[in-house]
2 protein chains.
Amino acid sequence: MERLDAPPDVVIRRLPLYARSLRYLLEEGVHSVSSQELGERINVTAAQIRKDLSYFGEFGKQGIGYDVEKLLNHIERILGLTHKWPVVLVGVGSLGQAIARYEGFHSQGLQIVGLFDADPAKVGQQIGDLTIQDFSQLRAVIREHHARLAIIAVPATVAQSVADQLVEAGVRAILNYAPVVLQTPEDVWVRYIDPVAVLHSMTYYLAREGGE
Amino acid sequence: MERLDAPPDVVIRRLPLYARSLRYLLEEGVHSVSSQELGERINVTAAQIRKDLSYFGEFGKQGIGYDVEKLLNHIERILGLTHKWPVVLVGVGSLGQAIARYEGFHSQGLQIVGLFDADPAKVGQQIGDLTIQDFSQLRAVIREHHARLAIIAVPATVAQSVADQLVEAGVRAILNYAPVVLQTPEDVWVRYIDPVAVLHSMTYYLAREGGE
């Protein structure tokens with residue numbers, strides 16, 4: 001029985017982890033998995049997995065477990081990963097270069113279709129198949145590829161202005177590596193990658209353990 | 001009145017964002033801020049800020065707001081940022097190099113004290129002040145600096161083995177960039193940086209908006 005309530009965001013954030021674990025299982029030649037086994041791989045309880053998946057329908061059979069490939073296909077459909085999503089990347093410093101070179105995007109439903117930087121010395125440089133372009137090309141590339149996803153890897157001081165331009169050109173979801181909170185219209189998704197903040201959330205606990 | 005219940009992890013994860021906003025305010029020469037203004041900068045309600053801070057004591061005065069510098073100092077003390085934390089970084093591919101070069105760590109209470117890679121061609125190379133070392137030096141460097149924090153930026157296939165070695169050498173908190181969930185003892189903190197999973201959690205919403 002499919003639940004009618006909308007899944008909370010925390011569930012949506014776990015789905016990609018389920019999908020990745022299932023992909024690893026397939027690569028290992030495993031075709032059936034219990035919620036217990038799947039849970040152990042991602043440090044989630046079996047009950048949590050069953051509850052998360054119950055938002056999207058009925059999966060697996062009591063005592064038999066999940067068909068790995070079927071469940072993976074189903075989760076990929078839920079996540080909209082039945083086609084490649086074009087992504088533009090703004091900011092090609094050392095972090096941006098690492099992002100541009102990361103093969104994990106392409107193999108997992110994402111395709112970087114444009115690299116942009118404000119530094120004239122970088123414009124024209126090649127990274128993989130792509131040439132770094134000037135900001136002035138941003139709108140044209142976004143329109144051409146219908147890109148609705150963008151990655152920001154520029155300094156904090158210019159991140160808001162870049163975000164404004166991305167949104168104006170049609171981007172609806174931003175992954176922001178700049179250490180600053182972005183102000184965007186309500187219908188634009190923004191997520192953050194913030195290693196310093198994450199490390200600080202751990203120093204809190206370590207400081208309490210003593211030894212410092 | 002200080003609350004006696006322990007703050008939930010979600011509150012601990014927001015504290016670094018408060019601290020960063022306060023740091024930006026100080027740089028702008030702002031010395032007093034209301035919970036309203038602070039909240040607008042990080043997309044959190046004023047009520048949420050007051051509730052979060054209530055776990056740690058009494059801050060700000062009704063109608064006057066927070067003294068920016070005092071509140072920043074207080075939050076930094078709570079996060080254990082009264083001294084620099086030594087961090088080791090394992091994996092110096094293009095992502096690891098970007099991390100090693102990122103100045104945001106040093107300016108925010110973190111100091112990378114060791115770079116390690118398994119590739120003999122990389123060992124001996126210099127990045128900033130640091131020389132990339134062989135894995136065999138890991139334990140000695142961790143002990144010498146009493147490093148309890150580590151960053152993993154190696155391929156997924158070797159991340160678990162690296163984590164095991166880090167924990168054995170005394171590391172208590174790991175920031176993991178490898179796209180795999182790590183199994184560690186209960187008293188070791190692990191947090192993840194996973195851009196693909198984050199992007200997939202947004203494609204979910206975009207796919208539902210239609211237009212694809």
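Two residues count as in contact here if their C-beta atoms, placed from the backbone, lie within 7 Å. Keep that in mind for the views below, which come from a predicted model.

**View 1**
Let's start with A:Gly170, which sits in the loop between α7 (156-168) and β8 of chain A. Skip the residues up to four places away in sequence, and A:Gly170 touches A:Ile142, A:Arg143 and A:Arg148. Is A:Gly170 buried, exposed or partly exposed? It counts as partly exposed, because it has 14 C-beta neighbours inside 10 Å, and a residue needs 20 or more to be buried and 12 or fewer to be exposed. For a sense of scale, look for A:Tyr55: A:Gly170 and A:Tyr55 are 115 residues apart in sequence and 30 Å apart in space, going from C-alpha to C-alpha.

**View 1. A glutamate in another loop.**
Now move to A:Glu103, in the loop between α5 and β4 (110-117) of chain A. A:Glu103 counts as exposed, because it has 8 C-beta neighbours inside 10 Å. Along the chain, A:Glu103 and A:Pro16 are 87 residues apart, and their C-alpha atoms are separated by 17 Å.

**View 2. Zooming out to chain A.**
Step back for a moment and take in the chain as a whole. Chain A has eight helices and nine strands. Its C-alpha atoms fill a box of roughly 60 × 50 × 35 Å along the principal axes. Of its 212 residues, 39% count as buried. How many of the contacts in chain A between residues at least 6 apart in sequence join residues at least 24 apart? The share is 55%.

**View 3. Inside the largest nonpolar core.**
In soluble globular proteins, nonpolar side chains tend to be buried together. The largest nonpolar core in this model has 124 residues. Which members touch the most other members? They are A:Val87, A:Ala150 and A:Ile152, along with B:Val87, B:Ala150 and B:Ile152. Pick out A:Ile152 and leave aside its neighbours within four places in sequence. You'll find A:Ile152 in contact with A:Val90, A:Gly91, A:Ala159, A:Val162, A:Ala163, A:Ile174, A:Asn176, A:Tyr177 and A:Ala178.

**View 4. Two helices crossing in chain A.**
Two packed helices are described by the angle between their axes and the distance between the axes. On the α2(A) side the contact is made by A:Ser35, A:Gln36, A:Leu38 and A:Gly39, and on the α3(A) side by A:Ala46, A:Gln48, A:Ile49 and A:Arg50. Sorted by class, these residues are three nonpolar, four polar and one charged.

**View 5. The loop that links those helices.**
A:Asn43 is found in the loop between α2 and α3 of chain A. What is the phi of A:Asn43 near? It is near 55°, a positive value in a residue other than glycine. A:Asn43 is partly exposed, with 13 other C-beta atoms within 10 Å. Over in chain B, B:Asn43 lies in the loop between α2 (35-42) and α3 (46-54). B:Asn43 has a positive phi of about 55° too, although it is not a glycine. B:Asn43 is partly exposed, with 13 other C-beta atoms within 10 Å.

**View 6. The helix pair in chain B.**
α2(B) and α3(B) pack at an angle of about 105°, and their axes are 8 Å apart. That makes α2(B) roughly perpendicular to α3(B). α2(B) brings B:Ser35, B:Gln36, B:Leu38 and B:Gly39 to the contact, while α3(B) brings B:Ala46, B:Gln48, B:Ile49 and B:Arg50.

**View 7. Where the two chains meet.**
The contact takes 46 residues from chain A and 47 residues from chain B. On the chain A side, the elements that give two or more residues are α1 (9-27), α2 (35-42), α5 (94-101), β8 (173-176), β9 (189-192) and α8 (195-208). Which element gives the largest share? It is α8(A), with 13 residues. By class, the chain A side divides into 29 nonpolar, nine polar and eight charged residues.

The same surface serves both copies, as 100% of the contact residues of chain A recur in chain B.

Definitions and conventions: Residues are numbered from 1 along each chain as its sequence is written. Chains are lettered from A and ligands numbered from 1 in the order in which they are written. This is a predicted model: local features need pLDDT of at least 70, side-chain atom pairs count only at pLDDT 80 or more; totals for chains, interfaces and linings use all residues. Helices (H or I, at least four residues) and strands (E, at least two) are DSSP runs, numbered from the N terminus. Ala, Val, Leu, Ile, Met, Phe, Trp, Tyr, Cys and Pro count as nonpolar, Asp, Glu, Lys and Arg as charged, and the others, Gly among them, as polar. A nonpolar core is a set of buried Ala, Val, Leu, Ile, Met, Phe, Trp, Tyr and Cys residues joined through C-beta atoms within 7 Å. Axes are lines fitted to C-alpha atoms, for helices over the stretch in contact, and angles run from 0 to 180 degrees between N-to-C directions. Angles under 35 degrees count as roughly parallel, over 145 as roughly antiparallel, 65 to 115 as roughly perpendicular and the rest as oblique.
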